[in-house]
Amino acid sequence: MRKLFTLLLTCAAVGLFLAAPALAADSSKGAANAELFGVLTLIPPVLAIVLAFITKNVVLSLFLGVFSGCFMLDLKGWDIYSAVIDGFLRLSGEVLASLADSWNAGIVLQCLAIGGLIALVSKMGGARAIADALAKHAKTPRSSQFVTWVMGLFIFFDDYANSLTVGPIMRPVTDRMKISREKLAFIIDATAAPIAGIALISTWVAYEVGLIRDGYQMIGIKANAYGIFVETIPFRFYNIFILAFVVFTILFLREFGPMRQAEVRARTEGKLVADGSTPMASEEASGLEPESHVVPSIWSAIIPIGTLIVTAFLGFYFNGYHAIEDQALLDLIHSSPMSFTAMRECFGASDASVVLFQAALVASLVAIFMAIFKKVMPIKDAIETWVTGVKSMNITAVILLLAWSLSGIIKELGTAAYLVNVLSDALPPFLLPTIIFILGSIISFATGTSYGTMGILMPLAIPLSFALQADPNYVLLNVGAVLTGAIFGDHCSPISDTTILSSMGSACDHIDHVRTQLFYAIGVAGVAIIFGYIPAGLGMPAYVTLPVGLVATAALVRFVGKPLPKAS
């Protein structure tokens with residue numbers, strides 16, 4: 001492993017130094033930098049991803065990935081010394097810029113606030129009580145996983161809220177049933193972005209609809225963008241199949257690949273995490289237990305968590321309402337404020353990161369008030385408990401900031417533009433949806449962002465598909481391939497924020513989560529291509545491809561997966 005690590009760094013360094021005389025980049029021009037650097041634009045994401053798997057140290061891997069990109073942007077000629085100094089300064093600037101972004105800051109703050117909220121809920125005995133209550137319906141490994149999956153579907157409106165809420169609530173239950181943390185993290189991750197991406201009302205809708213509207217305007221078609229979004233749902237094969245895949249693994253109690261090793265370890269040895277792994281959620285928060293005088297009550301969890309969800313829903317509505325500038329749309333909302341259209345538009349226009357932070361803060365205040373009112377602890381201890389929970393999320397905040405910094409550097413280098421130029425050559429029309437799906441997967445895996453990938457590919461996919469075949473259903477298929485490929489790649493990427501948050505919410509080692517999930521995601525993506533995008537590209541309707549694909553997904557679990565031993 002050490003030799004491989006050294007070889008990787010050496011190859012990266014040689015590649016940089018051989019190209020050194022040509023590296024004098026203008027960091028504000030991603031497309032120009034893509035042409036200037038060529039294949040070298042892949043160094044930062046590849047270095048970060050490969051080192052993460054080799055070293056199992058996400059912070060170090062992301063730091064070196066960001067620094068390599070900064071070094072490239074500041075290397076002029078052979079002046080390596082200045083490039084190192086300027087690269088470090090650029091890196092610090094990227095981290096500051098990531099934190100200064102209101103969206104990013106909101107995500108960091110909501111992570112910290114939810115960490116404090118979960119600590120309070122645990123200290124009040126709410127987590128223990130709700131775990132005991134759920135245990136009545138989750139008496140077996142099968143039922144406990146199914147309850148987790150259902151909870152993930154209920155929190156459909158935002159992937160971040162899903163990752164940060166389901167894990168801490170269900171972790172005590174799945175731990176009791178000897179479900180590995182890797183499997184818990186997979187269920188959480190598989191019901192986060194995949195369900196939020198196809199939900200009729202979610203924080204994703206406005207962005208996706210906006211991209212669709214702009215793309216159709218490019219080909220001179222004035223269309224109902226939201227209607228087109230809804231029509232793409234049957235073509236979102238990966239999203240649908242991965243949700244079904246989770247259910248099939250639960251029903252059959254079969255696993256394969258590294259996930260089976262993790263599940264066998266948990267069932268037979270009682271080890272929920274692998275030896276030498278580092279769970280992302282600190283035991284400082286997950287180990288909080290109520291005092292002996294505290295009588296556990298499910299209301300100590302239901303009220304704070306319910307406040308979080310209700311406040312988030314209200315926040316999405318009113319935050320989005322104040323962000324809408326279209327007077328005609330405002331008049332429609334005024335005339336029918338509770339209509340589906342009004343809720344859809346308001347949710348879509350809201351700033352999800354800010355709303356979720358505000359909701360977590362309100363829920364935390366409610367939890368503190370409950371702790372004092374029920375005489376669980378005095379105000380001083382309640383605040384200290386909240387701060388303890390906040391501190392447990394520090395590592396998550398660091399990883400998110402470095403992941404966003406890497407994304408910024410990749411954008412400056414033009415990595416995505418390079419990939420699009422290399423991989424988007426002329427192809428037979430029936431293969432275009434598959435190629436778009438794969439291209440979106442590669443870009444989102446390398447950049448760790450599904451939003452960015454959608455923004456890159458949608459303006460290319462709609463005009464290209466319309467030029468190849470001016471059939472509305474064919475264009476819809478390719479739009480679905482963009483949206484789904486972006487989620488698949490993001491689902492696999494170790495530098496994706498939702499992947500990171502799923503590891504944190506389940507208290508799983510991040511690299512173990514990525515490693516075990518990768519085999520499942522790739523298998524389902526293969527089903528989506530073979531039984532979804534290729535037949536659909538040949539003209540097969542969705543009412544045929546979807547059932548056939550679901551049967552193939554079930555067969556993948558049944559015949560590739562192997563039965564699990566009973567818990568000892």
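Where in the chain does Lys375 lie? Lys375 lies in the loop that runs between α20 (352-373) and α21 (379-391). The legends below describe a predicted model.

**Figure 1. Overview of the predicted chain.** The model contains 29 helices and 2 strands. Of the 568 residues in the chain, 57% are buried. Taking contacts between residues at least 6 apart in sequence, 82% join residues at least 24 apart.

**Figure 2. Lys375 in the loop between α20 and α21.** Lys375 is a residue other than glycine with a positive phi, near 60°. Its relative accessibility is 69%, so Lys375 counts as exposed, the cut-off for that class being over 50%.

**Figure 3. Lys178 in the loop between α9 and α10.** Helix α9 covers residues 159-176, and helix α10 covers residues 181-190. For Lys178, too, phi is positive and near 60°, in a residue other than glycine. Is Lys178 buried, exposed or partly exposed? Lys178 counts as partly exposed because its relative accessibility is 22%; buried residues are under 20%.

**Figure 4. Contact between helices α10 and α15.** The view shows α10 (residues 181-190) and α15 (residues 258-269), whose axes come within 8 Å and cross at roughly 130°. Helix α10 contributes Glu182, Lys183 and Phe186 to the contact, and helix α15 contributes Met259, Ala262, Glu263 and Arg265. By class, the residues of this contact comprise 3 nonpolar and 4 charged, with no polar ones.

**Figure 5. Ser277 in the loop between α15 and α16.** The loop holding Ser277 leads from α15 to α16 (283-286). Which backbone atom does the side chain of Ser277 reach? The side chain of Ser277 reaches the backbone oxygen of Ala274, at 2.6 Å. With neighbours within four places in sequence left aside, Ser277 is in contact with Asp509 and Asp512. Ser277 has a relative accessibility of 19% and therefore counts as buried, the limit for this class being under 20%.

**Figure 6. Helix α19 and its N-terminal cap.** Helix α19 spans residues 340-349. Ser339 caps the N-terminal end of α19. A side-chain oxygen of Ser339 lies 3.2 Å from the backbone nitrogen of Ala342. Ala342 is also one of the buried residues of α19. Arg344, Cys346, Phe347 and Gly348 of the helix are buried as well.

**Figure 7. Leu546 in helix α29.** Helix α29 comprises residues 542-560 and includes Leu546. At 19% relative accessibility, Leu546 counts as buried. Which residues are in contact with Leu546, leaving aside its neighbours within four places in sequence? They are Pro234, Phe237, Ile240 and Phe241. The view also includes Ala528, which is 18 residues from Leu546 along the chain. The C-alpha atoms of Ala528 and Leu546 are separated by 9.3 Å.

How values were computed:
Residues are numbered from 1 along each chain as its sequence is written. This is a predicted model: local features need pLDDT of at least 70, side-chain atom pairs count only at pLDDT 80 or more; totals for chains, interfaces and linings use all residues. Side-chain values use heavy atoms; hydrogens and water are left out. Axes are lines fitted to C-alpha atoms, for helices over the stretch in contact, and angles run from 0 to 180 degrees between N-to-C directions. Helices (H or I, at least four residues) and strands (E, at least two) are DSSP runs, numbered from the N terminus. Contact means heavy atoms within 4.5 Å. Ala, Val, Leu, Ile, Met, Phe, Trp, Tyr, Cys and Pro count as nonpolar, Asp, Glu, Lys and Arg as charged, and the others, Gly among them, as polar. Buried means under 20% relative accessible area, exposed over 50%, partly exposed in between (1.4 Å probe, protein chains only). A polar contact is a pair of N or O atoms within 3.5 Å; within protein, one must be able to donate a hydrogen and the other to accept it, and residues adjacent in sequence count only if both atoms are side-chain atoms.
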